[in-house]
Amino acid sequence: MKVVITDYQYENIDSERSIITGAGYELFDYQVKTTPDLIPVVKDADAVITQYSDINAEVIEHMQNCKIIIKYGIGVNNIDCEAASKKGIYVCNVPDYGVDEVSDHACTMLLALGKKLPILAKSFRKGEWGYSSVVPLLRLSECTLGLVGFGRIPKMVARKMSAFGMKAIAYDPYINETAAQELNVTPVTLEQLLKDSDLISVHCPLTKDTYHLIGKEEMTLLKPNAILVNTARGGIIDEAALIEALQNGKISGAGVDVFENEPVTPEHPLLHMDNVIATPHSAWYSETAIRTLQRKVAEEVVNVLNGNPPFNCVNMK
């Protein structure tokens, strides 16, 4: 059987090659992302591993033998899951490889922005002594933390941020109320979360239902002191509405690791605001996370090609 890696950004794929060829399968790796380039390399593949390639309906239609498409990561918004389901192809991800890293990144952004450290540090470098540049500043233990989504990562964020004494609330249509209760998190509607939260951390997947979940109208519900952090997917927040809210002082600040169109250019407005911490879709990164991700992707491919049900399937239950 033939396994194809469409694209990857890692130093090497030695781990995947060892696991996949060790199981008796062939592995071919490429750096292709567009439909015309993808079709000829995946048409006879039994398994497809992808990172950023556009695995759309046209590409999937040309797949003759494919049993599994797996994403290097969690979000599968670059894969047409509906088209894959129609052809009986599993779409899989690796949901647990970087939960520590992403939750740490979100918490770091929340804390730094909550204390207005970027503004304070810039003012100090300009020779301003004291705290006048960050007035008013709230006590963190008196703040409400709002979590949009309540999967693995936001649960970890809730656990870590609880050390600062914050009240935590969460919006998730599929929330596990027992888990929420155990973590002292109160389930609320999205509207209530936006109105009540001082710090908001976004963690839901990007789907048709969550695209621009927080848009211009939702921005009007936020407190003027609100901090909005997104380490999930760029399209969940309407970027133009976020920029407008920041420019007009409608919210206090934002932490952005993901953008609607990636990569972004150095001229992007969010990269030039004192009250924004912007990072290049890197919240997931650590050396341990990379090793874990590459290994688990290869293990899932071998698992499915060996005739077993997938460990983590997102399209067919």
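## Spaces inside the model

The largest cavity is lined by N230, G234, I237, E239, L242, V256, V258, F259, E260 and L270. This is a predicted model, in which local features need pLDDT of at least 70 and side-chain atom pairs count only at pLDDT 80 or more, while totals for chains, interfaces and linings use all residues. Residues are numbered from 1 along each chain as its sequence is written, and side-chain values use heavy atoms, leaving out hydrogens and water.

What is a cavity here? On a 1 Å grid over the protein atoms alone, a cavity is a set of points where a 1.4 Å probe fits but cannot get out, whereas a pocket is an open set with protein on both sides within 12 Å along at least five of seven lines; lining residues have an atom within 4 Å of a point. Grid points are joined across faces, edges and corners, and a volume is the space filled by probe spheres set on the points.

By this rule there are two cavities of 30 Å³ or more. The second largest cavity is lined by L113, K116, P118, I119, I227, S252, G253, D274 and N275. For the second largest pocket, the lining consists of Y10, E11, N12, S15, E287, I290, R291 and Q294. Helix α12 (residues 287-305) gives the largest share of that pocket's lining, four residues. Helices (H or I, at least four residues) and strands (E, at least two) are DSSP runs, numbered from the N terminus.

The table sets out volumes and linings, with Ala, Val, Leu, Ile, Met, Phe, Trp, Tyr, Cys and Pro counted as nonpolar, Asp, Glu, Lys and Arg as charged, and the others, Gly among them, as polar.

| Space | Volume | Lining residues |
|---|---|---|
| Largest cavity | about 60 Å³ | six nonpolar, two polar, two charged |
| Second largest cavity | about 50 Å³ | four nonpolar, three polar, two charged |
| Second largest pocket | about 190 Å³ | two nonpolar, three polar, three charged |

## A covered strand

Strand β4 (residues 68-71) has both faces covered: I68 and I70 on one side, and I69 and K71 on the other, are all buried (under 20% relative accessible area, with a 1.4 Å probe and protein chains only). Strand β3 (residues 47-50) runs parallel to β4 and is joined to it by four bridges; two strands pair if DSSP finds at least two bridges between them. T50 has K71 in β4 as its bridge partner. Strand β5 (residues 90-92) also pairs with β4 in the parallel sense, over three bridges, and there V91 stands opposite I69.

## Two buried residues

Where does D198 sit? D198 lies in the loop between α9 (190-196) and β9 (199-202), and D198 is buried, with a relative accessible area of 6%.

A180 belongs to helix α8 (residues 177-182) and is buried, with a relative accessible area of 0%. Leaving aside neighbours within four places in sequence, A180 is in contact (heavy atoms within 4.5 Å) with F150, I175, V185 and P187.

Conventions. Buried means under 20% relative accessible area, exposed over 50%, partly exposed in between (1.4 Å probe, protein chains only).
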